[in-house]
Amino acid sequence: MTTFLADARTHLQNAIRNGDKVTIVMGNESADLDSLTSALLFAYVRTYTPRPNSFSPFYVPVLNIPASDIAIRPEFLALLPYANIDSESLITLNDLPNLDDLEAKLPPQNTRWITVDHNALQGKLGKLYASRVVGTIDHHEDEHKVPSETGDEPRIITKSVSCTSLVTNYCQETWDKLSNPETEIKDERGVDVKPFWLRWDAMIAQFALASILIDTNNLTSKDKTTDHDTKAVEYLESKIEATMAVSALYNRQEFFNHITEAKHDLDSLQLRDILRKDYKEWIEGGLKLGVSSVVKPIDYLVKKAGEEEHQSENAESEAFLDTAKQYAEDRGLNLFAIMTTSSSEEGQFQRQLLVWALNPDAVAAVKRFERKSSEELGLKPWSGSGPSIDDESKSEYRKLWQQQQVQHSRKRVAPLIREAMT
C-alpha cells in the first residue's frame, strides 16, 4: 500500500508540475477514520481496474486535512500498520499547491474529483473545483451538488452507518477481478505485482474493516447497522480469510478493541486539538456553523480545560468555555456545536449536544432549532454534575442537552441546525 501511495503522490506532483491530468478522491473535511478508509479503498481498487477511456491512470486519495493533523488522530496511527502504511505516506492538503497558487498550478480543467464520505466540496476547493466533481459515494444528506448523471463514476448517496461499507460493496465486482489468477497487474513502472496481490488484498480489507466496525460498534448497534454494513463486513472478512499470513493474526474482537482504545485515547491531546480532531463546518443563510464530534462527555472536556489552565474545580467550566469560544472565534463561527458520545456507568451509550450562538442572528437560529428539533432528537436539559454552562441573553445563547434519541449522529443533527439557519 505504501508503494501505491508513493506512485499516487508522484502522479499528483506531475499534474502540478507538468499539467498532467489527475483524478482526486477527496474525503470530507473532518477526515475521520471512515473518510480515510473510504478514500484509500476506492482509489486503490479504481486505479488497478481502469475504465477504457479513463481521464487519468491514477486515482489519488487525498485527506482533507494538513499533514500535521494526522498526529492528533491516534486511531490512524494504530490502524496504518495493518496495511503497511506509514503516516508520512498519506497524501494530504500539504501535497496540493498553496491556496493562492492552487488554480494556476492545478487548473480545474486538468482535474476530476470523486467525493467520498461527503457530497459537496467546501471552502476554496469547492469554489474552484465544484464543477469538476464527477462522482460521489456518501451516506450523508444529499447536497445536490453532484450531477445526476455521472457516467462511469458512481453517484451513491444512501443510508449506511459507514461510508466505507458503500465503497466496499460498490467496488466488489471489480475488486474480485483483481483476484482472478489470470488478471495481470503492473505498477506504474511496469513491474508485475500480481504475486503480492492476495496479501495486499487481505491487508487493505482489514484496513477498510476498521471504520465499519467502529461505526457499528462491532456490528452490535442493531438500531443503526444496515444491510450495507453487514454485507461489507462479510465480504472484507472473506478477503482476509483467503490469505493465511493475514487471517492467522486476525481476530475481529481484538482488532476492534485495539482501534477503539486508540480512538478514545484523548489524554495526550490539548482541548483545542480535541475540538478540531473531528470537525466540520458549513455556511447557510449568511451564518457559519462549526460542529465538533468528541468521544468523551462534556465533564471530561471541562476537567481537561481546568487542568490545562491550572484552575480550581470551581473555575473549570469557565476555562472550558473560554477555550471553546476562542476556538469558535478563530474560525469566524456564528454557531458552534459540540456533540459528545460516551457510555454511562451502566454501559449505556449516550450523547450530549452543546449548541452555542455567538451573535443575535445566530441566537434566532438556535431557538428555531430548539423549537423544531427537540422532539426528534429527544433534547432534555443536561442535569449532570458541576455548574451549569447554559447562557441565555440577547447577544448569545448557549444550551447543553442530553440527546436521548442517540441514533442521530452529526449526519442528522448538522442538517437540522443548518435548516434552522436559513
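Reader: Are helix 2 and helix 6 roughly parallel or roughly antiparallel to each other?

Author: Good place to start! Angles under 35 degrees count as roughly parallel, over 145 as roughly antiparallel, 65 to 115 as roughly perpendicular and the rest as oblique. The angles run from 0 to 180 degrees between N-to-C directions, and the axes are lines fitted to C-alpha atoms, for helices over the stretch in contact. Here helix 2 (residues 33-47) packs on helix 6 at about 20°, with axes 9 Å apart. The two are therefore roughly parallel to each other. One word on the source: this is a predicted model, in which local features need pLDDT of at least 70 and side-chain atom pairs count only at pLDDT 80 or more, while totals for chains, interfaces and linings use all residues. Residues are numbered from 1 along each chain as its sequence is written, and side-chain values use heavy atoms, leaving out hydrogens and water.

Reader: What counts as a helix, and which residues in helix 2 meet helix 6?

Author: Helices (H or I, at least four residues) and strands (E, at least two) are DSSP runs, numbered from the N terminus. Contact means heavy atoms within 4.5 Å. On the helix 2 side, the residues include Leu 41, Phe 42 and Val 45, and among their partners in helix 6 are Cys 163, Val 167 and Cys 171.

Reader: How do helix 6 and helix 8 pack?

Author: Helix 6 (residues 163-178) and helix 8 (residues 227-241) pack at about 45°, with axes 8 Å apart. That angle makes helix 6 oblique to helix 8. Residues making this contact include Gln 172 and Trp 175 of helix 6, and Tyr 235 and Leu 236 of helix 8.

Reader: How many disulfides does the structure hold?

Author: A disulfide is a covalent bond between the sulfur atoms of two cysteines. The working test is a pair of cysteine sulfur atoms within 2.5 Å. By that test the structure holds zero disulfides. For Cys 163, the nearest cysteine sulfur is that of Cys 171, 10 Å away.

Reader: Is Cys 163 buried or exposed?

Author: Buried means under 20% relative accessible area, exposed over 50%, and partly exposed in between (1.4 Å probe, protein chains only). Cys 163 has 0% relative accessibility, so this residue counts as buried. Cys 171, at 2%, counts as buried too. For another class, take Lys 124, which lies in helix 5 (residues 123-129). At 34% relative accessibility, Lys 124 counts as partly exposed. Its C-alpha atom is 7.4 Å from that of Leu 99, 25 residues apart along the chain.
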